[in-house]
Structures are given as structure tokens and as C-alpha cells.
Amino acid sequence: MNEEVIVSFLASAIRLSVPLLLAALGILFMSRSGILNIGMEGMVLIGALSGVVGAYYFDSAPAGVLLAILVTGLVGLLFGFLVITTGADQVVIGTALNLFGLGLTTVFGRSLLGMGQEAVQVKGIPSVPIPLLSDIPYIGDALFNQNVLAYVSYLLVPAAAFIFYKTNWGLQVRSVGENPLAADTLGVRVHRIRYICCLIGGMLAGVAGCSLSLGILNQFTENMVAGRGFIALSAVIFGKWTPLGTMGASLLFGGADALQLRFQSFGIKIPYQFMLMFPYLLTMVALAWFSGKSKQPAATAASYKSLADRSS
Amino acid sequence: MREARKVNLASERWVKAVIEVLFYGGAVFIALLAGGLVMAAAGVSPLEAYRLIWDGAVGDAGSVKETLVKATPLLFAGLCYTFAYRCGLFNIGAEGQIYIGAMTGTMAALYVPGLPGYAHLPLCIVAGAVGGALWAGIAGALKIFKGASEIINTIMLNYVGIYLVSYMVTGPMKDPSGTLPQSARLPESALLAKLFDSRLHYGFVLAVVLAIILYVVLNRTVWGYEIRSVGFNKQATKVMGIPVNRNLLLVMLVSGAIAGIGGFVEIAGVQNRLFQNFSPGYGYDGIAVALVGGAHPLGNIGSAILFGGLRSGANAMQRMTGTSTSLVYVIQATIIVLVVCNRYWFGGWKRQLIAWLVNRYGSRRLPEELQTAHSASEVKISFNKGEEAR
């Protein structure tokens, strides 16, 4: 293999990891506060469509990103309302959200942006090489010649780690995810924290969607997320519910995706389907491996009625 | 005296049932309104679209049959979710189990030649059931032996199953005489016979029979009692001496087998070949079917036909107006949300309504009772009745 092949592989691995990482960080915030979000797929789809619609109607990619963040933030709050205040089952609501996202984006994608060959192309988010850093051999071009959203995702990982492990609020989030009742008796506003985490998760889903639609393809195609919402969930599990681990898992899964595309184009005889299965299989192994070692927030998927709301 | 009491309790059950049915009807209506809003926003006249959907779903005998064709896989998927759900398990993996069941059934159909139809078809159906059961069993075994969430694992297995089928039909199982990524055509002996000279096949009958069997198993057998007991409270069930883990694994296997049969039936009844993406998300639709069917096997029949109608109607609409059939997903999602949230949003309101109705219309019997209630003990019975009602 020559240098060019390796560099282009690394660059595409990073490019494919970024949407995973952004969505996974969104799931991580929700997960650490005890909310299992299997509706990320639908959220990211809505984000991807809103991004393109925004970029098309305002004729600017940043406006698209902002619109996507706004829309998916609202979707996150709606999800929060259904599972936190209403107390409905998170798995079922998550499934509904996936169906909702797929249905809405397909219908509106066709009516607003056209379909197939006639689908609207928009200005994507341009790549901005960072001076000096992008000159590092091999990894420089891959890591530091990406679009702004990629850089945002790099910065979000240490930021999330800082928030979770060094701030009071992060401690509250983790305590709410482990034992909401204990947190509540200590005066932590369980519902408020979960709502904020849902909002963050939703907004990150919007950014993740934009990094797919505006960062890679410059257009919206039906069901373009294609399971990445679930791979993001896998990345959180495989990353043991930590920001750094989540990033590692996202890179691994993004790399596997890039490799599978290379294999297909080089005609290497390993069936690409097995490469596509890899994240899911690895997650199942990891989940079985971790079990009993309590990596998962204990209160995952359990609804909680705050003490103040309980009738005495 | 006892007679009067029975009648009154029956009337209360009756009132409850009517309210529930009205509620589900209301949820479907609101969801259709939501779908209408989406259509209006997408620039399609909702009335026109719904007229097309209605015609496409029940407009004539042919479209009714098409509705039942579409309802068949939905019913299997709904039953798959329902059965696991009654045991407190979330089997989100019907989609993957449908694919694997279709694959193993097709293998039995293609690679076990020379059998007559009466032996070959059952063999294939059993092969489909075994495939689906094994696929769900992986998640079940990981749950009881490793404590890994069956929710996550069934989701992961969906994708693994879909990619596995994709590999099989492009590689080992690819039709040698064709270029398309699909299996060879199933032999006649492995195909489901058609009903009334249409696309409707015996798979629908099989699904309905299965629903009835599951109803009997869940509500009329000791095993069904154990399953529901595990679903209500695992700790208490364990204390009662019922083997919880064994039941969880068995239910997961049966649930997967149901979806597996559904997968093969779709191939043997409609598609006649195995190929990639033959299921447009039937497994996920099954969750909506189960929820609207009240997680009751017989209720599933009605809701599967409802969603089957929506689907075949939406196909007709797409042909006429170009609006995507994905609209159905929006309607389904809205129904799911309304049905799941009803307990929290309308639970108290519904209880009040029932109490009011029972008081208003049940009270006509109450005075008769009181007329005969000469002694204090008999008055006490009617008091107890109030207790029971709660």
C-alpha cells in the first residue's frame, strides 16, 4: 500500500466517524441521565433533512446547521416530555420516533427537495485545513483537513469528559442515571436534568445529521442515516458509557465502514456484508463481556416520578 | 341476589370494554388527522389522499384481499412482539428474525428436493420457525446467562440478520441462472397455495390460527399463566417456585419462531424468492400492531388488518399522487405514542368516566338490590362489590 491510499483511507475513516461520534455523544448524555434513546436514528434523519432544507432556503450551510439544531432540539424535548413527564416506555417511544423520523423526512424530503436525480444539491460545509497541523504526514491530512463539524466533534469529547467528571452538574447527571431516588432526596432536580440531557442529545443529533447531509453528500437522500443511529448506540455501549471510549468506538466503527468501502472498490473478496455486521457483533460481545461489571447506568430505561409529584 | 351482583359486574366490564374500544378508535382517528396535516403540509389534499387510501384498502374485493396480504406479515410480527411482551421481554428483533426465518425456510425449500407438497411445505415452515427461534434465542440466552439487555441485542441482531441475508443472496444462495442478487425460485412443493384466485395465500389463515393458539396458550394454560406471571413480577414469580429464566428463554424462542414463520410465509406466499430488503420494516411495524391490539393475540388480528389496509391503501395512493407510502410511518408513530401514553394522560379521566357511567346506568339495578337487601350483611355485599370494581 502506498502513502496516498493510507491517507485517503484515514481521511474517509475520520469523515465517516464524525456523524457516529456526534450522535453517540448525544446518546451518551441521555444515557448517563438514565434515558435509553433507541430513537436516535429518527432524530439524526430529521436533523439531516432540516440541515439541507435550511441550507437550501437560506442559501447557507451554517443556517442549515442552526435550523437542524433547533428542530432536533425540539424533538429531543418532545421525547423528553413523553418519557420523563409522561413516563411512557422509552423503548416504545424510541421506536415510534424512528418511524416518525423516517416517515416525516421521506414525505417532506420529496415535497421540499425533490427526489432521485432531481434532488436538490446544496452548498455543503467546506473543509478547512488547519495550518501546520494538517502538514503532519499521514494523520495530519486525515484529522486536520476536515469540516468545522469534525473539529467541533473533536472538541466535544474532552468537553463532555470535563462536564461529566469535573463539574457539579456532571456529577448530578451521573447520579440521576444511577439512582434517581437517591439523587432526588439530596435535592437534585431529576426531571430538569433529564430534560436538559434530552435537549443536548437532540441538538447533537441535529449536528450529526448535518455532518452526514451537509458534510458528506451535500444533499438529502431517503433513509440516508441507514442504521448509523443504532451504530452510535453501539459505540456508546462499546465505549463503556464514557466520552473517550465512545470516541474510540466511533473511530473503530467509522474505520470499519471506510475499510468496507475500500474493499468493495478494490474488489477484495471479503464480503462487505461481514464488515457491515462488525459493529453490531462487537457490541453484542462487549455487552455480554461487561455484564455484571455495572458499566451501564443503573437506572437506564426506568421512568422516575419525582418526589414532589407524588401524592403523599 | 348473586344474580343481580353478577349482572352489575358484567355491565361494568362491558362499559370498560366500550370505553377502551372508543379510545383506540379515537387514537386511530387522531393519528389519521396527524397524517392529514403532514399531507397538507407536503402539498397533497388530505381528503383526496384518504379517499385513495380507502379505495386502495377496501374499495373492492381485490383491494380487500390485498389488504389481507399486507396484514399477514404484520400479524406475525405483532404476535412475535406480543408474546415476548406478555412475559416482560422487549423483542425489538422481529425484523431480523423475519429475515433469518425466511432464509432458513428458503434453504429447506431449495436444498431438500423431491418431497411432496404435504411434507415439504411443513418442513420449510418448521425450518423458518427454527431459524427465527435461534436468532431470538441468541438474545434470550445472552439475557439470562450474561444479563445483557435483550433490547439492545435484538436491535443489533436485526442488522446482522439483514446483512447475512444480503450476503447469502449475493453469494452462496444466489440463483445460478440469473444475474440479480436473489435466490432461485422456490419449487412448487414449497409454495403456499393461493386463496380465491388472488395474491391472498394460506399464510393469512396460518397467522390467524396462530393468533388463536397463542390466545389459548396465554389465557387458558398453566404455561400461559406462568408467562404472564413472569411479565407482571419476576421476583414474586420466583418466590412462587416458577422457573423465571427457563420461561424467559422459552418465550424468546417461541417469539422468534413466530417471526421466523412470518418471514418464510412472506417468501412462500408472496415473493417466491429470497432477496435483499424484502421486508420494508414489518418487524418494526409489528410493535405498532401489538400495541394497538392491546398486546392481546386476538386484538392483533384487528390491528394487523388495520395497518395492512393502511399499507395497501398507501401503495395505491403513491401510484396515483406520488406521495410516499412512508406517510404510513407517521400515522403508525402517532398511534404508538397515543396508545402508550393513554394510561398516563387519560387514565384518571377514563376511570372517572367509567365510574360515572356505572353509577348512572348501573344504579338502576342497585336499588333493586337494595330493595332486597334487608339485612346488614347483604348491604355489605354491595359495598364489597364497589371494592372489587376498583
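This is a predicted model: local features need pLDDT of at least 70, side-chain atom pairs count only at pLDDT 80 or more; totals for chains, interfaces and linings use all residues.
Residues are numbered from 1 along each chain as its sequence is written, while chains are lettered from A and ligands numbered from 1 in the order in which they are written.

**Chain A overall**

- Chain A holds 12 helices and 2 strands. Helices (H or I, at least four residues) and strands (E, at least two) are DSSP runs, numbered from the N terminus.
- Read from the N terminus, the order of elements in chain A is α-α-α-α-β-α-β-α-α-α-α-α-α-α.
- Chain A has a radius of gyration of 20 Å, close to the 20 Å from the globule rule for 312 residues, so it is as compact as a globular protein of that length. The radius is taken over C-alpha atoms, and the rule is 2.2 Å times the number of residues to the power 0.38.
- Along the principal axes, the C-alpha atoms of chain A fill a box of roughly 70 × 45 × 40 Å.

**Where the chains meet**

- Chain B gives 40 residues to the contact, and chain A gives 38 residues. Two residues are in contact if their C-beta atoms, placed from the backbone, lie within 7 Å.
- On the side of chain B that touches chain A, the elements giving two or more residues are helix 5 (117-146), helix 6 (150-170), helix 11 (282-292) and helix 13 (327-345) of chain B.
- Helix 13 of chain B gives the most to that side, with 12 residues.
- By class, that side of chain B has 29 nonpolar, 10 polar and 1 charged residues. Ala, Val, Leu, Ile, Met, Phe, Trp, Tyr, Cys and Pro count as nonpolar, Asp, Glu, Lys and Arg as charged, and the others, Gly among them, as polar.

**Helix packing in chain B**

- Two packed helices are described by the angle between their axes and the distance between the axes. Axes are lines fitted to C-alpha atoms, for helices over the stretch in contact, and angles run from 0 to 180 degrees between N-to-C directions.
- Helix 3 (residues 61-86) and helix 4 (residues 94-111) of chain B pack at about 125°, with axes 10 Å apart. That makes helix 3 of chain B oblique to helix 4 of chain B. Angles under 35 degrees count as roughly parallel, over 145 as roughly antiparallel, 65 to 115 as roughly perpendicular and the rest as oblique.
- Their crossing is right-handed. A crossing is left-handed if the near helix is turned anticlockwise from the far one by less than a right angle, and right-handed if clockwise.
- B:Ala77, B:Cys80 and B:Tyr81 in helix 3 of chain B meet B:Ala94, B:Gln97 and B:Ile98 in helix 4 of chain B.
- Helix 3 of chain B also packs on helix 7 (residues 202-220) of chain B, where the axes come within 9 Å and cross at roughly 20°. These two helices are therefore roughly parallel to each other. Their crossing is left-handed.

**Helix packing in chain A**

- Helix 6 (residues 148-166) and helix 11 (residues 243-266) of chain A cross at roughly 155°, and their axes come within 8 Å. The two are therefore roughly antiparallel to each other.
- A:Val157, A:Ala160, A:Ala161 and A:Phe164 of helix 6 of chain A contact A:Pro243, A:Leu244 and A:Met247 of helix 11 of chain A. These residues divide into 7 nonpolar, no polar and no charged.

**From the UniProt record**

- In an unreviewed entry, UniProt lists "transmembrane region" for stretches of chain A including residues 91-113 and 148-165. UniProt positions are given in the numbering used here, feature names are shortened, and annotations may be inferred rather than shown by experiment.
- Residues 91-113 of chain A are 100% helix and 0% strand, with end C-alpha atoms 32 Å apart.
- Residues 148-165 of chain A are 100% helix and 0% strand, with end C-alpha atoms 26 Å apart.
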